[in-house]
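Hi,

Here is the structure I promised to pass on. Have a look at it first, and my notes follow below.

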Amino acid sequence: MHIYLVGGAVRDKLLNRPVVDHDHVVVGALPEQLLALGYTPVGKDFPVFLHPETGEEYALARTERKSGRGYHGFVFQADPTITLEQDLARRDLTINAIAEDGHGALTDPFGGVRDLEARMLRHVSPAFVEDPVRVLRVARFAARFAPLGFTVADETMALMRQMVADGEVDHLVPERVWAETRKALAEPQPSMFLRVLRECGALAVLFPEVDALYGVPQRAQFHPEIDTGVHLEMVLDAAARLAPGDDVVGFCALTHDLGKALTPAGELPRHIGHEHRGVAPLHALAARLKVPNEHAALAELVCREHLNAHRAFELKPATVLKLLGALDALRRPARLDAFLAACAADKRGRLGLRRRRLPASSGGCLRAARATAAAVDAAGFVAQGLAGPAIGQAMERARVEAIAALRTHPSPSGSAV
């Protein structure tokens, strides 16, 4: 029995990045041997075990053979005759096909170290085309490693285009698409996720609502980048800077302008009402990919209300309170923070305006309004003898009045996003 550290742990060590998950491959062993050592089996399709002390994953070396369409169309073989090189050969990218033994010696049969140095995302073998999830994984790794200078190898992009042309990505199950998308939205440069998918043709297949934004013009005085698709990429990256690792904010950024693809041609480059037109395609995308309810709900609010966030100080106090109520911000202030982060990303995601902030009268106004409205409670009205619905009505009036008072006596804590 020989045990090796493999995959992302080796890759990230070589890149001097924090190692999060330690995955191992076991060569020359039977499942019974690991069970006898106290390992716990967890794999359904092939033998994977958890270490009895560390809880880390140990998988028996295996090979894969294509047997059908999609992610599940594989037959696996795992037995003591499978070599380390055979196991590494089934992996997606060369940088993920490096193994390290207990003494720190590397096994690198496909040039992964070379590609790490060259900052290249390159497939291991032609078998790459057999698993359509790899299209999404390459795009996700591009979003993670683009700040380090990584790009997709031309020959790998060619294979991905062929996979799209052959209809392989059509067979991806929604759960896998969302799982990879969610991770990509939490990466440092999620715009690369869209760029890679668009370059290989997968964006139009998997995210037609997003793909439709490219080439749609906007007014130059507000959007110097003109193209709505380019704006979206910039918003995604701004969201990643404002809320690092937050895929909820990332999803809000991804879907906030979907309505611009539905603007009648005669109205371009203006997009009057796009915030309302965007709700239907957002619902369609979220339902198709089985997006979690919290992601979809907050994204709908950002889609509908991001223009109001930009002009919050111009809104009537009652409208501000209604917006806070829709966000459930009085009970969940973190939800307002996520909403404002997505809206601020929209404001900054414009050519030459990377560091632009929402004016104090916008983000700061909404935060101050939330604080002053939340300070109004029922106790005083109960003491006045009010009961039932009358308490709620009185509280709403008091909150509107408190928000109105902010216009003449702004809160010192009302800073901008």
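Which residues does Phe207 touch, not counting residues up to four places away in sequence? They are Val177, Thr181, Phe193, Leu197, Ala202, Leu285, Arg288 and Leu289, where contact means heavy atoms within 4.5 Å.

Before you read on: this is a predicted model, so local features need pLDDT of at least 70 and side-chain atom pairs count only at pLDDT 80 or more, while totals for chains, interfaces and linings use all residues. Residues are numbered from 1 along each chain as its sequence is written, and side-chain values use heavy atoms, with hydrogens and water left out.

**The cores**

Phe207 and Phe339 touch the most other members of the largest nonpolar core, which has 94 residues. Helix α5 (residues 133-145) gives the most to this core, with 9 residues. A second, separate core has 11 residues, including Val6 and Ile82. A core here is a set of buried Ala, Val, Leu, Ile, Met, Phe, Trp, Tyr and Cys residues joined through side-chain atoms within 4.5 Å. Buried means under 20% relative accessible area, exposed over 50%, and partly exposed in between (1.4 Å probe, protein chains only).

Helix α8 (residues 191-200) is largely enclosed by the rest of the structure, because 7 of its 10 residues are buried. Phe193 and Leu197 are among them. Just after α8, Gly201 takes a positive phi of about 95 degrees.

**The sheet**

There is an open sheet of 7 strands with mixed pairing, in the order β3-β4-β5-β2-β1-β8-β9. Its edge strands, β3 (40-41) and β9 (106-107), each pair on one side only. Strands β2 (residues 23-27) and β5 (residues 57-60) run parallel and are joined by 4 bridges; His24 stands opposite Tyr58 in β5. Two strands pair if DSSP finds at least two bridges between them. Helices (H or I, at least four residues) and strands (E, at least two) are DSSP runs, numbered from the N terminus.

**The surface and the whole chain**

Met1 lies in the segment before β1 (2-6) and is partly exposed, with a relative accessible area of 40%.

Overall, the protein chain has 20 helices and 11 strands. Its C-alpha atoms fill a box of roughly 80 × 55 × 35 Å, taken along the principal axes. Of its 417 residues, 49% are buried. Residues 24 or more positions apart account for 66% of the contacts with a separation of 6 or more.

Cheers
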